[in-house]
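Colleague: I'm new to this one. Could you show me how to read a few of its features?
Modeller: Gladly, let's look together.

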Amino acid sequence: MGDETWVYFGGATSQHDLWYAEDQEEPENQSAGAASNPRYALGIGKLRRHGFVSIGAGAMREGMVATQPFVSEGDRLVINAACGTGGYLKVEVRDTGDRVLPGRGLDDSDTFNGDSVRHTLTWQGDANLPIPENVDSGTVYTRFIPHRRLRFVMRNAELYSFAVEQSSGRIQGRQPRPE
């Protein structure tokens, strides 16, 4: 629902297996009459978008995670992340030869220190995510189509997800192989 994932759940004042075991005695820790007169309730749990799992770093040390090379024609990097007090997240963009793309290093990365399910990252105010020149890293996967790698560096922060999108906001799919 919007920027949240809603999980509905139910609860009851009786054990959940008493419907088939009517002839059994009520457990001692059960409230009196719960099996014969159960009460039910419906609940809802709410998580941030993509909030089931994250990767992060604590406040004591800086952490880093790097992606495998991937293909996407998008030109914007959008993250879902949350930073604690004094926390931050920066990103550098690399080619398959593990070289930093010009103007897209950690020193160029504008620091994210907020809490957002949809934040477009920038480097010195520029949101353009360049596609590297073809770099033959010796694999059939990277020989003909330019791949990128991302290196996330963070402290006291959680990264839930990221997406490479077109400026229009449309997420890009896989690129066809060249003929």
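Colleague: Is Phe152 buried or exposed?
Modeller: This is a predicted model. Buried means under 20% relative accessible area, and Phe152, at 2%, counts as buried.

Colleague: How do I describe a pair of aromatic rings?
Modeller: A ring pair is described by the distance of the centres and the angle of the planes. A search of the whole structure finds three aromatic pairs. In one of them, the rings of Phe70 and Phe162 have centres 6.2 Å apart and planes at 50 degrees, so the pair is tilted.

Colleague: Where do Phe70 and Phe162 lie?
Modeller: Phe70 is in the loop between strand 4 (63–66) and strand 5, and Phe162 is in strand 7, so their pair ties together parts that are 92 residues apart in sequence. Phe70 counts as buried at 18% relative accessibility, while Phe162, at 34%, counts as partly exposed.

Colleague: Thanks! What about the backbone: what is the phi of Asp98?
Modeller: Asp98 has a positive phi of about 65 degrees although it is not a glycine. Asp98 lies in the loop between strand 5 (76–94) and strand 6 (115–120), and is partly exposed, with a relative accessible area of 40%.

Colleague: And where is Gln124 found?
Modeller: Gln124 sits in the loop between strand 6 and strand 7 (149–165). Its phi is positive too, about 50 degrees, although Gln124 is not a glycine. With a relative accessible area of 62%, Gln124 is exposed.

Methods:
Residues numbered from 1 in each chain as written. Predicted model: local features only at pLDDT ≥ 70, side-chain atom pairs only at ≥ 80, totals over all residues. Heavy atoms only, no water. Helix = DSSP H or I, 4+ residues; strand = E, 2+ residues; numbered from the N terminus. Buried < 20%, exposed > 50% of the residue type's maximum accessible area, 1.4 Å probe, protein only. Phe/Tyr/Trp six-rings, centres within 6.5 Å; stacked < 30°, edge-to-face > 60°.
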